[in-house]
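Student: I'd like to go through this structure with you, a few places at a time. Can we begin with the backbone and then move on to charges and packing?

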Amino acid sequence: MNHLSLIIKREYYTKVKNKSFIIMTFLTPIIMVGVFSLVAYLFSLNKNTAREITILDESGYFGNNFESTEYTTYTYVSGKTLGEVKKQSEEEENYGLLYIPKADNIDAVAKQITFYSEDSPSPNLMIDIENVLEKEARSLKYKEANIDPALIEEMRISITANQETYQGEETSKEGSVIKLIFGGLAGYLLFMFIIIYGNMIMRSVIEEKTSRIIEVIVSSVKPIKLLLGKIIGTSLAGVTQFLMWTILIGVLMTVVPLIFGIDLDAMQTPQQEALAQVAGEGGVENKIATLMMEVYNLPLLNLVIMFLLFFIGGYLLYASLYAAIGAAVDSETDTQQFMMPILLPLILAVYVGIFTVMDNPHGTVAQVFSYIPFTSPVVMLMRIPFGVPIWQQVLSVVILFGTFIGTVWFAAKIYRVGILMYGKKASYKELLKWLKY
Amino acid sequence: MSKLLVAQNISKNFGEFKALDDVSIEVPKGSIFGLLGPNGAGKTTLIRIINQITMPDQGKVILDGEPLRPDHIKNIGYLPEERGLYKSMKVGEQALYLAQLKGLSKSEAKAKLKYWFDRLEIGDWWNKKIQELSKGMAQKIQFVVTVLHEPKLLIFDEPFSGFDPINANLIKDEILKLRDDGATVIFSTHRMESVEEMCDHIALINRSKKILDGKLIDIKRAYQNNTFDVGLIAANRQEASGLLSEKFNVQPASFKSINDDLKYRIQIAPDTSSNELLQYLASLGQITHFNEVIPTANDIFIETVNKNN
């Protein structure tokens with residue numbers, strides 16, 4: 001059998017059969033879904049404890065405006081002094097007491113409204129209460145000024161500007177968000193993949209060095225073949241693990257809420273609910289349709305092809321560097337000094353991607369970083385959903401693969417020399433010398 | 001005798017450092033060739049060049065009449081000094097993998113492994129992981145993997161390290177048997193008694209240069225210098241001692257003897273025969289011991305290297 005496929009097979013199977021690999025494959029989704037479910041559960045628990053709120057309205061302005069909901073009960077009291085009600089409310093361990101004093105006019109009342117509670121109350125609740133008060137106070141003031149509230153309502157107008165590119169393509173704010181999500185996800189996925197499986201490659205090179213099998217192997221195969229086999233085998237194991245994670249998380253996310261009856265929607269905060277309501281005014285179905293259109297309008301084919309190209313190119317670029325580091329050191333503790341130059345451009349890429357691309361996908365900074373091969377996979381992947389001219393994408397891919405060939409050559413040199421150097425602490429100066437061997 | 005391996009004028013530099021400087025060796029077919037030298041002399045570099053792990057800067061290697069090619073790998077079995085196996089892999093899986101890398105098919109490899117495992121009585125290790133085995137046990141597997149594909153040329157770098165005397169002897173016998181079956185062996189070691197016992201030819205490398213090579217017996221002949229260990233019971237010890245010192249180059253010697261005799265190591269001039277020495281000794285007293293000193297590999301090693309330095 002061909003050497004390369006033998007090596008790939010061995011690397012793949014030893015990775016996949018490794019106990020900690022198997023445990024991580026199954027444990028990670030369980031932990032992720034578990035934590036998520038726990039948070040959702042705790043959140044719903046929090047909401048289920050109904051809040052009792054007493055209202056003492058001496059002004060008489062706010063008749064029955066507070067409506068009790070599933071989670072909050074409002075009780076009106078009257079004919080008692082503030083002191084009495086406060087005491088009673090505290091004894092009954094009510095969540096809070098809303099006190100609206102009597103005053104000459106609505107403005108004076110508004111300034112004196114006080115909410116008493118055990119601790120400082122939840123900001124969401126206060127926003128809710130203030131909204132009710134403001135709405136009623138406003139309509140009272142309209143009445144005082146002899147303005148018909150209905151007329152005011154009619155005069156209110158909300159504007160959402162239509163967005164269209166010069167080429168006549170419709171865009172929208174929601175569309176931008178979706179593009180960001182798509183691009184961000186792709187970039188972040190690559191980032192994670194590089195770090196997790198790059199490290200795995202590095203460890204596997206170090207293992208061959210420390211177990212001293214390397215000289216036996218390279219007397220049978222060329223180091224470059226071993227290097228490539230290692231990278232490919234580990235990547236396949238990585239893809240397997242990622243697929244398993246996706247499937248398991250998908251299954252668990254559907255099954256767990258059903259079993260434990262956790263309402264994942266409960267995660268939505270009141271503001272989100274309010275937003276959803278505002279957005280819903282145009283009809284929920286309509287919105288979903290717009291979103292679907294936005295997804296459909298994404299350059300999907302372009303995205304998929306480029307995702308594959310940048311993913312492979314970017315991953316191989318970094319993987320070969322990780323392998324070179326593994327060859328240059330004797331143990332994992334010695335890798336520190338070499339890790340920084342690898343992690344720095346990666347982290348930079350993610351930050352540039354998140355902050356610059358979000359702000360201006362086609363600005364100078366975003367453009368420059370989408371050509372630099374060490375940042376281009378992440379940054380370009382984030383830019384593509386916003387529509388990048390094909391020539392720019394091609395140029396970036398060409399630069400990436402050109403650099404990839406360069407780094408593999410560099411890594412192979414370091415690797416070839418490094419794997420046979422035992423007990424020598426490699427410095428950058430030493431590595432430069434190795435290139436000439 | 002035809003040569004299986006010829007290395008011609010090999011030079012190799014690592015940056016400023018000269019690892020090998022114009023080294024040539026010729027390994028006759030069917031011989032055991034000792035590659036000797038102090039630590040850091042360049043032996044491992046030369047071995048790695050023969051294995052095509054490192055490329056020489058200058059010079060060429062010819063294997064069985066052909067310039068070395070990548071597919072010659074399957075004709076060479078190499079047991080490196082720095083050796084090991086994948087710790088978490090099972091013995092059988094690992095041996096199969098390494099055998100297949102050497103170009104054997106899976107079924108061939110299985111059959112041969114079974115033969116060797118039975119022969120060395122290690123058949124029940126097949127499903128064990130290397131980390132469960134002792135160092136000596138792992139070395140045995142390493143040995144099997146090295147010879148499994150029946151290469152024409154076997155290269156052993158310190159093959160006995162990590163073995164107890166019983167297993168070292170077992171491996172020694174296996175190596176001799178492989179030689180008898182037609183393999184050629186290059187053997188690098190610091191254990192001079194093994195060289196003495198096994199090698200037909202040696203080459204000595206010091207400070208990246210070859211300083212000595214040839215048949216071990218020829219080298220010994222060249223290094224023998226008319227020296228004899230002598231035991232003598234003389235009536236007058238002081239007189240005998242004085243007379244001998246006048247006539248020959250005499251040094252005190254130490255060898256085991258049950259008599260209370262004088263012990264000397266005597267070197268005679270090249271044109272003097274041993275009979276002359278014997279006759280003279282007989283005239284001084286009773287000879288209890290007379291033995292020509294043959295230089296050992298150890299003596300040759302130390303003397304040559306020291307002279308070279």
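Student: Where is B:Gln52?

Tutor: B:Gln52 sits in the loop between helix H1 (43-50) and strand E4 (58-63) of chain B, where helices (H or I, at least four residues) and strands (E, at least two) are DSSP runs numbered from the N terminus. This is a predicted model, in which local features need pLDDT of at least 70 and side-chain atom pairs count only at pLDDT 80 or more, while totals for chains, interfaces and linings use all residues. Residues are numbered from 1 along each chain as its sequence is written, chains are lettered from A and ligands numbered from 1 in the order in which they are written, and side-chain values use heavy atoms, with hydrogens and water left out.

Student: What is the phi of B:Gln52?

Tutor: B:Gln52 has a positive phi of about 60° although it is not a glycine. Most residues other than glycine have a negative phi.

Student: Buried or exposed, that B:Gln52?

Tutor: With a relative accessible area of 10%, B:Gln52 is buried; buried means under 20% relative accessible area, exposed over 50%, and partly exposed in between (1.4 Å probe, protein chains only).

Student: And what about B:Glu121, which is not a glycine either?

Tutor: B:Glu121 has a positive phi of about 55°, and it lies in the loop between H3 and H4 of chain B. B:Glu121 is exposed, at a relative accessible area of 69%.

Student: Which loop holds B:Asp124?

Tutor: B:Asp124 is found in the loop between H3 and helix H4 (135-147) of chain B, and at 62% relative accessibility it counts as exposed. Its C-alpha atom is separated by 10.0 Å from that of B:Gly92, a residue 32 residues apart from B:Asp124 along the chain.

Student: Switching to charges, how many salt bridges are there over all chains?

Tutor: The count comes to 29 salt bridges over all chains, a salt bridge being a side-chain nitrogen of Lys or Arg within 4 Å of a carboxyl oxygen of Asp or Glu.

Student: What does A:Arg212 pair with?

Tutor: The side chain of A:Arg212 forms a salt bridge with that of B:Glu82, at 2.4 Å from N to O. A:Arg212 lies in the loop between helix H7 (173-210) and helix H8 (214-218) of chain A, and B:Glu82 in the loop between strand E6 (76-79) and helix H2 (91-101) of chain B, so the pair joins two chains. A:Arg212 is partly exposed at 22% relative accessibility, and B:Glu82 is partly exposed at 31%.

Student: What about B:Lys114 and B:Asp118?

Tutor: Their side chains meet in a salt bridge at 3.0 Å, N to O. B:Asp118 and B:Lys114 are four residues apart in helix H3 (residues 106-119) of chain B, and therefore about one helical turn separates them. B:Asp118 counts as partly exposed, with a relative accessible area of 44%, whereas B:Lys114 counts as exposed at 52%.

Student: Which residues are linked in a network of salt bridges?

Tutor: A:Arg10, A:Glu11, A:Lys15, A:Glu208 and A:Lys230 are linked in such a network.

Student: Okay, B:Lys220 next: what is it in contact with?

Tutor: Leaving aside neighbours within four places in sequence, B:Lys220 is in contact (heavy atoms within 4.5 Å) with B:Glu196, B:Ile294, B:Pro295, B:Ala297 and B:Ile300. B:Lys220 belongs to helix H7 (residues 216-223) of chain B, and its relative accessible area of 17% makes it buried.

Student: Over to chain A, how many helices and strands does it have?

Tutor: Chain A has 17 helices and six strands, and of its 437 residues, 40% count as buried.

Student: Why is helix H15 of chain A largely enclosed?

Tutor: Eight of the eight residues of helix H15 (residues 376-383) of chain A are buried, so it is largely enclosed by the rest of the structure. Among those buried residues are A:Pro377, A:Met380 and A:Arg383.

Student: What covers them?

Tutor: The cover over the buried residues of H15(A) includes H7, helix H12 (300-328), helix H13 (336-359), helix H14 (364-369) and helix H16 (390-418) of chain A.
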